[in-house]
Every structure is written in structure tokens, then in C-alpha cells.
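We will go stop by stop.

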Amino acid sequence: MKFVYDFSEGNKDLKDLLGGKGANLAEMTNLGLPVPPGFTITTEACQRFLRQGTHADGLTAEIDEHLAALESAMGRELGDPADPLLVSVRSGAKFSMPGMMETVLNVGLNDASVDGLSRQAGGNDRFAWDSYRRLIQMFGKTVCEVPGHEFEDALHEAKTAKGVTDDVDLDAGDLRALVTAYKKVFVKHTGHDFPQDPREQLDQAVEAVFRSWNADRAILYRRQERIPADLGTAVNVVAMVFGNLGADSGTGVAFTRDPATGEQGVYGDYLSNAQGEDVVAGIRNTLSLADLERLDKRSYDELMQIMATLEGHYRDLCDIEFTIERGKLWMLQTRVGKRTAAAAFTIAAQLVDEGVIDLDEALTRVTGGQLAQLMFPRFDLSGDPESLTRGIGASPGAAFGEVVFTSRRAVEVAAEGRPVILVRRETNPDDLPGMIAANGILTSRGGKTSHAAVVARGMGKTCVCGADRMEVSAASFAIGSHIVREGDTISVDGTTGRVYLGEVPVRPSEVVQYFEGDLDPARANDPLVAAVHRILTHADATRRLRVRTNADTGADAARARRFGAQGIGLCRTEHMFLGDRRELVERLILARSDAERAEALSALQPLQRADFLEIFREMNGLPVTVRLIDPPLHEFLPSLEELAVKVAVQQEHGEPDEKDEQLLAAVRRMHEQNPMLGLRGVRLGLVIPGLFAMQVRAIAEAAVALAAEGGNPRPEIMVPLVGAVQELETVRAEAERIIAEVVGSANVRILIGTMIEVPRAALTAGQIAEAAEFFSFGTNDLTQMGWGFSRDDVEGAFFWRYLELGIFGISPFESIDADGVGRLVRIATDEGRAARPDLKLGVCGEHGGDPDSVHFFHRVGLDYVSCSPFRVPIARLEAGRAAVTAEGSDHR
């Protein structure tokens, strides 16, 4: 097996093997672009190292061979004291994980070769010693786990002693002294001197990059972004080119379109006399690419030409890293760039207009998660809130919260249920837990390509960077004389970059207003709204899955219909028993005779009928699946503990209340240790005479009433928690009798089906389908019973540990467990349709609005998904995406 590839041997389609960075370096090399020579160690080599703890057989020999070829190409040797070759060692996984894994620059430099590097640079001692101190710092922190702050403290002391604030103001003598200080820090924490053997440096750096795949921050990021844990990272060994050689050198990051808005043009950051990590880390505020044009017109023009070439080649927004070494432009990386949700839709529509992609491909360029972000509220500035400062809008959104200054504190405050804004000079990969916990991120340094910006955009977090008027300290930040302390509330606008004091109210997003039909006519031609409309319209025309909603009221039904719902997949009747109607439920439960029970049911029936009529009217012409009452009746009664205390106090004071005592007796009689597995659903309907009959009659009467008005009711009665066909047959027989009696000659047809939420129902679906006209998968309960989890308890009890250990990539209640619960869905689908070919199949659990789950249900062959009104547009989009992607090609 081959473990090392020269850049000339790969291409952009080998990301599984070479990682994204290595594959794209190879692609640029093959395009003839100026890429420094180098080679890539594959993800398979990483996987073997992580499994075995040692290098794969033959890897060392392959590295030797490719290193010799690299030395020949550069005309220099690693470790040559007179004319040293230096290399960078960089991670590069299949999926972009910005800043989550390790990089070591200037590998190969030592005490003997630092003077040679100076001569190589024309006697530039400052450059040579700056490069050496960077190597010790990065190698110490990355390879040997030396606390990074100790190097930073030494650098700060050097600048303080010199009376300067910028690294570039330190001269060669200062940096030589700093190298000595760094070496002492290294020895203090490792117990040995900094390694002088260049090949030892290279080998240790490669192993450190391999290990960084399982660093805490990398694991956390993968979990956040749903990246599989078994992929591993490739390692890229690249000849160093230097942006810190003086004013005619520098480094930068650029985008072929604005990654925040999607606007066409060229966007990026540039730092003169710097190495690449300085831009990403945001340690200095950057210049624009327009400044580069002024500083180095030739390099700028070449960069523009290369960017146009790359966007044309990749047919998408490209993110590019480059270095200029004494006027010579080098390309260090390209990738399809991370972008905000707004930019994703805008760019996809632009590329269609430009004839670069078609609408099918445009669908694959956006996601339901991005559409959800666009539906978040925006700030309402009509109250003229006090603006504290303005930075760079790096990731759109409206966020407010308590100011905190450390990642740890952000996690603590968020865990207490309070919104958080994480404020930092600049973020680094160690801040990832706090960035995930925070509502928004604010930094005083960095631009649109800084670590904070790139990571926030990837997560859909609001972010403002480069608010350089802010002076950030340990527990406060100052803007002029105004001081904001930890715990104060601020609001940050990731679109405009503005920061406001206090909590600014929010208003609906333009996208939600578009769905609601409330969009200001002046915004009708907004490029973002137009892009969403165009792509979602194509998704509707393309998808096979229909999208219904879960709605229990007329208002919810009306809103869902405006959002594009094609019916109701779940109307929960138990929600109609709350509020003022609890007294009627208590009368039903406390009934001592058939007559009393019948009286209580008779009082409930007209209320139920009115509820159903309202919903049927709003969904006129569309199917409405009404689930008969599902939860145990005692859930509608007071808490056993609270009622027992109340009765005890009454008795103690000699003031007993007969009704409370009767209620307590009923609650005790009906109390269950595990009510989710007890007297609920179909069992309740079979045990409480008349309960289901009342509901069926109310549904039928409401349908007949709407038909009499000239409407077109399409009710479907769903029997919950069926585990055996005999249960359904018993309920169906009574329901058919009532329906025939109520409907008579009216033009109303009512389907009867069941909810598949008990594993036994899935496994006996062929039998149950003989008595059911439709199945709706209740994936919440199916997951709960399939895993043996109590969904009310386990998420807080131990899911965090399961996620941490990699047992789960994501909660099975959030995204369908395709291998286990999904198999039950497949079995029920196949066996149900085999018994009844016209069986209608849908899903109404929370998974109906989850993007990954929608793709699964498409592949299985369901007819529809149902979700909350707000998630209807997301499900519509994902159903369209499922229809045009290869993974969805096996649909029926």
C-alpha cells in the first residue's frame, strides 16, 4: 500500500485519501499554478498510526524517498547548516476543520542552520531568528504540549522591555534573546533540550499532526459538524516560502466572493512581513487586498488571475491562502470556501445565472440547516439603541447576551440557561467550547478570515471581528471612557458589525416575512429572498416526498400552510384537553358510573368537534391526520406529591375537601411507575369506554359540517401505540360503525390507520397493514423503545458521555438511527406495502424535520414527512435535495 504522494500524483477528487488540503494542493499543481513543492502522507497512514501507536510498515522509507525528491527540486537539504531546506508540516482532513488540528512551520531549523538561513535571506538576521523562535514556539506547544501562554508571556516581556507593542518592532538581537528564553521554557516543561536533528523534528511533527485528530477540540468540532470520527487526517509536508522577509513579503487569505453576503468581487486580508498563521490567528489587524494592489501591483494582478482560474475550475466560491516571498507569489491552499447561509443561497443563484451550474446542482449547494439560520430574527433598530462600536460583520445574525471573557465562563453561564456573548482579543482553537456555548462572538482583532470568523461562519454563529476601538482586559473591555464588565449585556449584529449596549429587540427575518406573505414590497427583489424563493421552488418541483406539518390549532395550521405544508401529519388531540377543559377531564376520570362517564364525554365532544372543524377549514382540501388521545389520563391530573401534601394539610387543619380526596384516590389509582410504557394510546381507548368513540364522532361530525359548507375535508384517524393487529381491529370496528352513522350519504371519506411506534408493530407490519390504510412512524417513541431510553431523562443523564466517547455521533432523538431504528422503519415499510400495496406511509416524529433524516426517509420510500410549522420550509428543501443527490437515487 502506498502512503505518500507527491503533489503531482494527486487531484481534487482524492480527498478521502489525501485530505482536502492535499487534494487541492495537488489540483493546483496540476493546473500549473505556483505551488511550493511537497508531498502528502495519507489519511490511511494516520488511521494506522492511531490504531497501532506506530508508523505503518514502509512509511519511513516512503518519506525518505519523497523528502529526497523535494530536496532535489529545491536544491537544498533539510538540516544543511549553509543552505537549509525548511518545511511546513500541516494537517488536512477530508472536511475542513479550521484551526482544530496542528501545524508546525519552519521545521528543519536549528542552532547550526539559523545563520545559514540568514545568509540565504541576504544577511537578514532578524528574519532568521524570527523563524527560529516561531519553530520553537509551535513545536513546543504542538508536539510537546508546552503551555502556549508561557511562550506568549516571554514574547510580551520582550516587547515590554523594548517599549513596543508589535512583534515586527523587535530586532534581530531581541529575537535571538527570545529564542534563548523559549528554549528555557521548552526545557522546563519537557526535561530535555529543543531537538537539533531536523529529521527528528519532522518525524515528531508528523506524529503530532496525526495525534491532533483526536485532540479534544477536534473531537468537539467533529461532533458539532457531524464529521465521522474514523476518517483521520492527512499530513502535508511543503517546502517553506516566507512572508516574513521584509516589506516586499507577506501573507494573506482571499475569497473569490464575499463569504458573508455572497456579493461578487474579491475579498481578503493581507499582512506584510508576516507568516500565514499571523493572519488566521488575528493577532494583528490586516490590510485589504486593495492595499496589496497599492503595495505590490504585479503580485496582486497575478493573484486576481489565479483566483478567477480557481473559481472557474471549482465552479464555486474559493478560499485561498497565499504568501508573497520577495515579490514572488506562492499558492499555499485553496478549497471551496465556508460561507454564511445568506451567501450560500445568493452564490448558488448567481452561479445559475452565470450558467456555471444548473438548478439541480444549486440545490446541492445549500442545506436545510442554512435555511433555518436565515429564518432567525434580526435586530429591530427602531428604538435607536446605543451603538458602542463597530467591527467587521464576519458571520450574520442578531445575538445578545451576558459578556464573558473566557471559553470556560461561556460554558458555565450557558449551562445556567443564560445567553452569552464571548468577547476576546482574538480566538484560538482552544476557545471552541465557549464559541459553541455562546450566542455570539466579538473580537477586537482579526478580519473575515480570522479563526473567529471562519469557525463562526461554519457553525452559523453570529460574529463581529476587528472591533479595534475595544481595549479588552481580563474582566472588562473599554471603548474610550465607556467600560463594559463581565455580566453586562450587549447585542452584536453580525451583518453590520455593530455592537450595542443592552438587549436590542428583534424582528422577523425577511425570509420568514416572505413565507408569511408580510414582506415589505420594497424588499421583494432582495437578492437573498429571490434566491431562497427560486431554489425552494425548484425543490418543490423536484421532490418526491410531500411535506406535512404537526399542528394542533387552527392558527398553527394556517401558518404551516403559508410555509408550504401539504396537510397535517399529526394533530395531537391531547393538547385540546388542557386549560379550562381540565375540569371536564377530571369529571371523566372521577366518574363512578357509566352515566357520569357518558355525561363527561358528551360535554367534551362539542368542544372537540369545534377544534377539528377549525383545523379542517384551515387545511381545506388537504389531508389531516388526527391522532386519538395518546398520553395516560393521569397526566391531565395534579401531581401525586403536591395533591397528597394538599390533602394532608387539609386533614391536619380539620378542613377536609371531599373533591380533593376523591381526586387523590384517582391519581393514586392511576399512578404508574413508567407511564410511557403503561396505560396510554390504544390501551386507554380500549379500557375507558366511550373515549375513542367520542373523538371519532367529533372528527366525523366536523368533516360532515365542512362538507356541508362546500369544503373538502380529508380527515385521517390515527390509532396510537398499536402493538398487535387485534388492538387496531377492535378500535377500527367501532370507528367504522360511528363513521357510517354520522357520515351517511355525505361526500366524506375518512381513512383509518395507525402510528408505528412500538417495535413489535414494526416487526408485524404485514399483519397490521391488513387493518390499516396508512402508517405514520412515531420515531420519538420508536427510538425510545428501540433503544430502551427514557427520552425525558437520558439526554441530561448520560448522553453527553456517549457523545464524548463516540458511541453517538449525534443524539438518536435528533437524527434517525439509520442502522437500528431505521431498520425497523424499513422492515415496516417493506412488509406493510407487501400486504397492502396502496398503503400510505409517513413520519410524524421530530425526525421529520431533521435534514439527514429526511434523506433517509426519501431512500426508504415514505410518501411524506411531517414536522413543526417552522421546519416545513427546511423539510421541503431537503426533500428536493434528496431527490437530486446520488444518495437519493434509489427512491421508488
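This tour moves from overall confidence to strands, cores and a pair of helices.

**Before you start.** You are looking at a predicted model, where local features need pLDDT of at least 70, side-chain atom pairs count only at pLDDT 80 or more, and totals for chains, interfaces and linings use all residues. Residues are numbered from 1 along each chain as its sequence is written, and side-chain values use heavy atoms, with hydrogens and water left out.

**Stop 1: confidence.** Colour by pLDDT, the predictor's confidence in each residue, from 0 to 100. The protein averages 90, and 96% of the residues score at least 70. Now select residues 887-892. Here the pLDDT is below 50. This stretch still has 14 contacts in the model beyond near neighbours in sequence. Contact means heavy atoms within 4.5 Å.

**Stop 2: strand 5.** Select residues 87-93. Strands (E, at least two residues) and helices (H or I, at least four) are DSSP runs, numbered from the N terminus. Is strand 5 enclosed or open? 7 of its 7 residues are buried, so the rest of the structure largely encloses it. Buried means under 20% relative accessible area, exposed over 50%, and partly exposed in between (1.4 Å probe, protein chains only). V87, V89, S91 and A93 point one way, while S88, R90 and G92 point the other.

Strands pair if DSSP finds at least two bridges between them. Find V89 opposite V237.

**Stop 3: the cores.** A nonpolar core is a set of buried Ala, Val, Leu, Ile, Met, Phe, Trp, Tyr and Cys residues joined through side-chain atoms within 4.5 Å. The largest has 128 residues. F345, F616, L691, F775, F777 and L877 have the most contacts inside it. Helix 27 (residues 691-708) gives the largest share of this core, 11 residues. A second, separate core of 58 residues includes F49, A128, Y132 and A239.

**Stop 4: T389.** Select T389 in strand 14, residues 387-390. T389 is buried, with a relative accessible area of 4%. Its contacts, not counting residues up to four places away in sequence, include A467, M470 and V499.

**Stop 5: two helices.** Finish with helix 31 (residues 779-787) and helix 33 (residues 821-835). Look for L782, T783 and W787 in helix 31 meeting V821, L824 and V825 in helix 33.

How values were computed: Axes fitted to C-alpha atoms, helices over the stretch in contact; angles between N-to-C directions.
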